[in-house]
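This report looks at one strand and its neighbours, and then at a pocket. Please keep the sequence and the structure in view while reading.

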Amino acid sequence: MLTPASIESILTGQCKLDKARPVVAGVSGGPDSLCLLLLLQQAGWRVVAAHFNHMLRPEADEEALAVEKLARSRGIPFAAGRGDVAGHAAARKLSIETAARELRYRFLFAQAEEHGAQAVAVGHTADDQVETVLMHFIRGAGLNGLKGMPYRSILRGFDEEIPLVRPLLDAWRADTVAYCEANKVKPHYDASNASLDFLRNRVRNELIPLMETNNPQFREAVWRSGKTLTADHEILKAALEPVWRRAVQRKGARYVSLKEDVLMAEPTAVRVHILRETARELIPEEDIGYEDLLRAANFARDSAQDRVDFAGGLWLLREGGLLHVAVDVADLPTDQWPQMPKGMDSLALSIPGSVLLGDGWQFTIQSCDAAELESLQPWKAGQPFEAFLDTGSVPDALELRVRRAGDRFEPLGMGRHSQKLSDFFVNAKLPRRARRRWPLICAGEQVIWVPGYRPGERYKLKPDSQGVLLLALKPPK
């Protein structure tokens with residue numbers, strides 16, 4: 001039975017919340033979220049009611065006003081948001097459900113940040129848990145999907161610290177309806193919940209009633225199975241968490257970079273786990289099926305490809321010993337390479353001189369007599385981002401610029417043989433996305449030096465060189 005005392009126990013126990021700090025409750029206006037809001041207030045918690053209008057149904061504005069009216073009548077702070085879910089889904093090529101969840105959670109976590117809340121609470125019930133487990137089973141999920149939703153989770157795609165909590169996972173939908181009736185609160189019912197266009201609705205309205213003809217306690221049985229598998233999953237996760245952490249080289253809000261050598265040292269089953277955990281970092285509410293995970297694990301082993309569509313809108317990109325998992329390849333960082341500053345395709349150089357490039361990289365150029373070369377520090381031969389050129393061979397007017405169509409290059413050691421710069425980049429295995437704005441030291445159409453690789457053959461130091469031009473690119477400190 002739902003009571004303020006029962007919700008208190010779950011909030012402090014399973015959800016690990018502090019009663020002294022506020023909570024943002026996502027309130028749609030349905031019985032589950034209204035029940036959650038009432039319970040939080042009646043248990044004495046500081047709560048903010050947050051409603052997001054998905055702009056998908058004609059009655060959406062009316063529902064938003066009803067939630068606001070209820071919150072204000074009970075002295076509960078209220079926050080409203082709205083977003084064009086259909087437009088977002090079309091622009092990002094997402095399902096309506098995924099787009100709605102993305103915009104809704106983005107709003108809810110923004111409200112939590114604004115109000116200094118410790119968590120975002122949502123009204124998922126035991127019925128939602130059963131439906132989620134069955135949906136994952138239909139899609140072919142592993143243990144992680146079959147355990148269902150946790151009471152508390154961090155959705156890193158939305159916030160690294162504020163958790164999402166689900167205090168009603170032990171309550172059934174009938175209990176929330178009864179609680180609203182007992183408190184004389186009239187919920188709104190979303191008519192789209194009856195539509196069979198969505199898998200969740202087909203599971204709710206067709207599959208579960210069918211299974212209950214064979215086992216009237218079918219919902220309870222699935223719910224108990226989820227509880228059991230949750231305990232099993234915790235054991236597995238604890239054992240494999242160190243492997244995942246060892247594999248991660250770098251993380252951002254919309255990408256995770258994995259060390260390819262660590263990944264490939266593990267058996268297929270462990271690679272699948274690492275990729276599943278990586279995907280959960282980026283799209284925590286999306287359950288990726290085993291076939292997609294296995295395909296991704298095999299891609300990590302297949303050097304013939306460098307990019308492939310993963311699942312759930314994610315991409316896999318192989319690059320320089322790393323396997324990137326990203327929402328969009330454009331989200332991946334470039335600060336590990338020198339890049340020309342944004343909006344600047346060419347920069348004139350003076351000698352001596354210094355130029356700041358993108359992401360804090362710095363280019364410097366100076367000259368000296370050949371006799372001084374040995375005494376100069378920290379200049380040392382053999383560094384890929386340092387070059388020593390014959391002053392007498394290098395033209396006076398130098399520039400830093402991006403590559404141009406038709407650029408050719410005479411790499412040192414190839415006896416004045418020229419090749420297309422594009423071919424040189426391919427042969428040097430320079431990552432594709434780094435090529436367009438890679439800084440080149442040029443004199444007109446002549447490529448003098450490709451930083452990180454070789455200078456041009458005709459500009460190399462010679463035994464009779466009288467002057468030396470010293471060029472260097474330094475990474476950010």
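A residue counts as buried when its relative accessible area is under 20%. The model described here is predicted.

**A strand and its partners**

By that cut-off, five of the five residues of strand β11 (residues 322-326) are buried, so β11 is largely enclosed by the rest of the structure. In a regular strand, side chains alternate between the two faces of the sheet. In β11, Leu322, His324 and Ala326 point one way, while Leu323 and Val325 point the other way. Residues on both sides are buried.

| Strand | Bridges to β11 | Direction | Facing residues |
|---|---|---|---|
| β8 (residues 255-259) | five bridges | antiparallel | serine 257 and histidine 324 |
| β10 (residues 315-319) | five bridges | antiparallel | tryptophan 315 and alanine 326 |

β10 and β11 form a hairpin with two residues between the strands. Glycine 320 in this hairpin takes a positive phi near 55°.

**The second largest pocket**

How much space lies in the second largest pocket? The volume is about 660 Å³. The lining of this pocket has 24 residues, and those nearest its centre are Arg92, Leu94, Glu102, Ile283 and Val327.

Helices α4 (85-92) and α5 (96-114) each supply at least two residues of the lining. The largest share, five residues, comes from α5. By type, the lining of the second largest pocket holds 10 nonpolar, five polar and nine charged residues.

Technical notes. Residues are numbered from 1 along each chain as its sequence is written. This is a predicted model: local features need pLDDT of at least 70, side-chain atom pairs count only at pLDDT 80 or more; totals for chains, interfaces and linings use all residues. Side-chain values use heavy atoms; hydrogens and water are left out. Buried means under 20% relative accessible area, exposed over 50%, partly exposed in between (1.4 Å probe, protein chains only). Helices (H or I, at least four residues) and strands (E, at least two) are DSSP runs, numbered from the N terminus. Two strands pair if DSSP finds at least two bridges between them. On a 1 Å grid over the protein atoms alone, a cavity is a set of points where a 1.4 Å probe fits but cannot get out, and a pocket is an open set with protein on both sides within 12 Å along at least five of seven lines; lining residues have an atom within 4 Å of a point. Grid points are joined across faces, edges and corners, and a volume is the space filled by probe spheres set on the points. Ala, Val, Leu, Ile, Met, Phe, Trp, Tyr, Cys and Pro count as nonpolar, Asp, Glu, Lys and Arg as charged, and the others, Gly among them, as polar.
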